[in-house]
Amino acid sequence: MSTEAMAEKQTTTNANQPLDLPGLCLAFTERAPLPMAAVEGTTHIVRYANPAFCALMAKPMEQLVEKRISDLLPAKDQCVTLLDRVFRTGRPASHAEHEPSQQPLVLWSYTMWPVLADERFVGVIIQVTETAKFHEKTVAMNEALMLGAVRQHELKEAADRLNAKLELEITERKHAQQALLEAKAALADEAAHLERLVTERTAELTSSNKQLEAFIYTIAHDLRAPLRAMQGFSDMLVNGEDPKAAVDYAQRIRTSARLMDAMLTDLLAFSRISQEKLDLGPVHFETIVQATLASLETNIQKANGRVEAVGPWPIVLAHGPTLSQVLFNLVSNALKFVRPGVPPQIRIRAEEAPATHPSTLPLHPPATPPAQPGFIRVWVEDNGIGIAPEHQEQIFRLFLRLHRDAYEGTGVGLAIVQKAIERMGGRIGVESPPGHGSRFWFDLRKPH
Amino acid sequence: MTDQQTILLVDDSENDLTLMSIAFRRAGLNSPLQVVHNGEEAIAYLAGEGRYTDRNEFPLPAVMLLDLNMPMKDGFDVLDWLRKQSRLKRLSTIVLTASVRPEDVERAFELGAHSYLVKPAALEDLVAMIRCLRDWLKLNHFPPLNEHVKR
């Protein structure tokens, strides 16, 4: 009997208790709200079911007793296996399983423990609980919550990722915008630079065009003067007017023709020096001085002049023949432009520029700028008629002659000198203290 | 009356001056002629300075024939100086130059020149030009040159 078995079990646990423990246990079991049943033997025949079990199964006791438990339980696949084990091993076990084909699922949980009789297992008591849908719902809710949490996490991660991406994009866009702005600015700069270049080049071109125009104009204008004389005086000769003056007219024609020839010759020399490619190299200035003075020897003698060439002589970066021409023209002028009867005295000397400029500039800078470092300054000084300050700039102009009547010439010599020095990368100038002749100077670079 | 008008000729070319005097003679222009050779001399003459202080010997001209391209001070310098001389504003200034450059024409008039003539290459053309000048001198009414005379 299952009740007896239970009583026996209780007895073995509390052998010395005077209480009617089996009776109490039975009473507890009868009143317990948990469904319980006791099964016997290996076939698990139900011998006892408490009222809660009968209620769970919705059957009266008579319909439950003597039946196999496996025929009663709705979820039993593993339950029976477990019953076998508890019965065999005597170890209690718990188990829960779903009732098949119930939607939503119903979970049955079982707690089993063995019943001992005469030191052997005779049966098993099963306590059954139908967790019905509650657990499922809880699980579902938990799952949902968990899922939600996971989702939330995922969502947050995704949002973070998106944000990061967006931020990156914004940064990139900002960079792109910045780059665009920079490119725009650079483009504007480039455009402005180009515009400036074009303006400069145009100005240069215009300037050189103007120079060329002025040059051609000067040539045409100045060559026309002797032509006009030739034409006018030959008219007089042809008409036979004023026969007394015929020789004078003829002479004027000849002089004009000669002048024109000289002008054309000098003009060609000037043009050559302006256009010719000048290969600059180290030139011993002494050899230039010697050669130039040698070629001017007759002129010096004729003028009763004295030329003093003061060494030591530097080596300069120049074009030999061009430098000779410069010196020739300057010395020729010095021989020519003297008051009548005064023997020309000429001094040629060279000096090196100071290594550095003086740190303090003079309050009133002299008209003649100091030679720049790395340059040699050459002086050609004379005792001639000098040049008034207001004419010192003019004298280098092509065909310009300050003293047309008193001194012969074409007005090209100094224009050639200036052009030659410019083309050799130098500077030229003149100073002329009143009554002390002229002091022409030019600067040429020292070779490295 | 015309014969009393002194003409000041400013030119640095001895040949041109000779040709001018020939042309004056041929054209029958008998006005007294004074000659200076550059701008500096012209200014000295007009200002009555230096060797030109004697107005009996170097009378103020009614007309000046002024070359432009000259050494020292050129024709433009003379025009520029002349503008600032209120005493000399009655002087008729005729530029007579070889220059045909438009800039020079413009600049000369800007500086107050009254006429701009280009030196002809042929003598007969120069004579024809001086003939015109002669006729113009005859027709033109000149004011008294000296303001003291006017008062």
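## Chain A as a whole

Contact here means that heavy atoms lie within 4.5 Å, and in chain A residues 24 or more positions apart account for 60% of the contacts with a separation of 6 or more. This is a predicted model, in which local features need pLDDT of at least 70 and side-chain atom pairs count only at pLDDT 80 or more, while totals for chains, interfaces and linings use all residues. Residues are numbered from 1 along each chain as its sequence is written, chains are lettered from A in the order in which they are written, and side-chain values use heavy atoms, with hydrogens and water left out.

Chain A has twelve helices and twelve strands, taken as DSSP runs (H or I over at least four residues for helices, E over at least two for strands) and numbered from the N terminus. Of its 448 residues, 35% count as buried, where buried means under 20% relative accessible area, exposed over 50% and partly exposed in between, with a 1.4 Å probe and protein chains only.

## Nonpolar cores

A nonpolar core is a set of buried Ala, Val, Leu, Ile, Met, Phe, Trp, Tyr and Cys residues joined through side-chain atoms within 4.5 Å. The largest holds 52 residues, of which A:F285, A:L323, A:I348 and A:F442 touch the most other members, and helix α11 (residues 320–336) of chain A gives the most to this core, with seven residues. Leaving aside residues up to four places away in sequence, A:F285 touches A:W313, A:P314, A:V316, A:L323, A:L327, A:I348, A:V378 and A:F442. Another core, of 29 residues, lies apart from it and includes A:I253, B:I7, B:A23 and B:A27.

## Where the two chains meet

In the contact between the chains, 28 residues of chain B meet 27 residues of chain A. The area buried between them is about 2300 Å², of which carbon and sulfur atoms give 48%; buried area is the accessible area (1.4 Å probe) that two parts lose on being put together, summed over both. On the side of chain B, B:N15, B:R26 and B:M72 supply 23% of the area that this chain buries against chain A, more than any other three residues.

## Two residues with positive phi

A:N304, a residue other than glycine, has a positive phi near 60°. A:N304 sits in the loop between α10 (297–302) and β7 (306–310) of chain A, and is exposed, with a relative accessible area of 57%.

A:F399, also other than glycine, has a positive phi near 70°. A:F399 lies in the loop between β10 (375–381) and α12 of chain A, and counts as buried at 3% relative accessibility.
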